[in-house]
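Please consult the sequence and the coordinates shown below alongside the text.

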Amino acid sequence: MKSYASLLRLAAVCFLAAVSAPFTSAFEGKVEMKMTTGRDTLPMTYFMKGSLMRIEMKAEKRKKDEGSMAVLINMETRETTMLMEKEKMYMVTKLPEASASPANKNGTAPDFKATGRKEKIAGIEAEEYVGTADKKITEIWVTKELGKFMTASQGGPMGGRKGSAQGSAWEKFAEQENFFPLRTIQRAKEGGPEEMHMEVTLVDKSKLPDSLFKPPADYEKFEMPNMGDMMKGMIPGR
């Protein structure tokens with residue numbers, strides 16, 4: 001079973017490593033959701049405004065020592081800024097170039113079929129699609145009211161890790177169709193227990209201040225050390 005810290009890392013890989021396509025949202029406001037795997041639940045909040053996005057992942061009260069995370073995404077500058085609340089620091093990284101297509105590992109588009117079922121989730125009309133993603137039966141309820149879903153790409157700095165949700169087929173399907181998933185459920189087999197459940201719980205259409213998408217003034221910028229510089233003095237002749 002995944003620990004809460006592992007779930008936090010999984011969400012970071014899924015949503016924060018890199019986005020796979022240019023993004024500008026006509027929707028402005030806040031979207032709250034929860035991701036559950038096993039007995040662990042991770043609350044997440046999306047703030048969207050044009051080409052700007054902020055994603056917050058808050059630790060549950062019972063596990064407050066696990067820490068919280070926030071990431072700012074600016075698609076105009078193609079940069080992500082990770083905010084480390086506990087340390088009051090932030091780190092800026094460049095996004096990779098957009099992937100050429102949302103195809104899966106075999107080079108074909110993900111295959112999801114509409115079931116005809118519709119339901120309101122968090123007050124938004126959603127339609128269900130079902131398909132096989134990453135060898136799991138996946139149910140995904142989607143809308144076009146909230147703009148494009150921000151996904152991780154295989155070319156991201158955390159891409160290609162075996163067992164991660166990086167580049168999941170359901171994410172690529174949402175990207176391809178310009179859908180935002182309001183509910184995603186994965187099972188090992190049809191009718192089996194849920195292994196992953198992600199669902200939007202609140203959609204708040206409201207104006208957001210630009211300051212929400214910038215590091216706080218009292219945060220210090222953190223630079224990743226250059227590996228070449230780190231090796232100097234450790235290798236003879238360098």
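With which residue does Lys-205 form a salt bridge? The partner is Glu-145, and the closest N and O atoms of the two residues are 3.8 Å apart. A salt bridge here is a side-chain nitrogen of Lys or Arg within 4 Å of a carboxyl oxygen of Asp or Glu. This pair links distant parts of the chain, with Lys-205 in strand β11 and Glu-145 in the loop between β9 (136-143) and α2 (169-176), 60 residues apart.

The model is predicted: local features need pLDDT of at least 70, side-chain atom pairs count only at pLDDT 80 or more, and totals for chains, interfaces and linings use all residues. Residues are numbered from 1 along each chain as its sequence is written, and side-chain values use heavy atoms, with hydrogens and water left out.

**Overall composition**

The chain has three helices and twelve strands; these are DSSP runs numbered from the N terminus, with helices (H or I) of at least four residues and strands (E) of at least two. Of the 238 residues in the chain, 47% are buried. Buried means under 20% relative accessible area, exposed means over 50%, and partly exposed lies in between (1.4 Å probe, protein chains only). The accessible surface of the chain comes to about 12,800 Å², and carbon and sulfur atoms account for 51% of that area; the areas come from the Shrake-Rupley method with a 1.4 Å probe, and for residues only the protein chains shown count as cover. Among contacts (heavy atoms within 4.5 Å) between residues at least 6 apart in sequence, 58% join residues at least 24 apart.

**Salt bridges**

The whole structure contains 15 salt bridges. One of them joins the side chains of Lys-88 and Asp-218. Lys-88 lies in the loop between β5 (79-84) and β6 (89-94), Asp-218 in the loop between β11 (194-205) and β12 (220-221), and 130 residues separate the two. Lys-88 is partly exposed, at 43% relative accessible area, and Asp-218 is partly exposed at 47%.

| Salt bridge | N to O distance |
|---|---|
| Lys-88 and Asp-218 | 3.0 Å |
| Lys-205 and Glu-145 | 3.8 Å |

Strands β8 (residues 124-133) and β9 run antiparallel and are joined by seven bridges; two strands pair if DSSP finds at least two bridges between them. They form a hairpin with two residues between them, and Asp-134 in the turn has a positive phi of about 55 degrees. Glu-128 stands opposite Trp-141 in β9. Strand β9 also pairs in the antiparallel sense with β10 (residues 180-187), over seven bridges, and Val-142 stands opposite Pro-181 in β10. Six of the eight residues of β9 are buried, so the strand is largely enclosed by the rest of the structure.

Helix α2 is mostly covered, with seven of its eight residues buried; among them are Trp-170, Lys-172 and Phe-173. Just after α2, Asn-178 takes a positive phi of about 60 degrees. Residues that Trp-170 touches, not counting those up to four places away in sequence, include Phe-112, Ile-140, Phe-149 and Met-198.

The structure holds five aromatic pairs. Rings of Phe, Tyr and Trp (its six-membered ring) pair if their centres lie within 6.5 Å; planes under 30 degrees apart count as stacked, over 60 as edge-to-face and the rest as tilted. Phe-112 and Phe-173 are stacked, at 4.7 Å centre to centre and 25 degrees between the planes. This pair links strand β7 (residues 112-121) with helix α2, across 61 residues. Phe-112 counts as buried at 7% relative accessibility, and Phe-173 as buried at 3%. The rings of Tyr-129 and Phe-173 have centres 5.2 Å apart and planes at 55 degrees, so that pair is tilted. Tyr-129, in strand β8, is 44 residues from Phe-173 and counts as buried at 14% relative accessibility. Phe-112, Tyr-129, Phe-173 and Phe-179 form one aromatic cluster.
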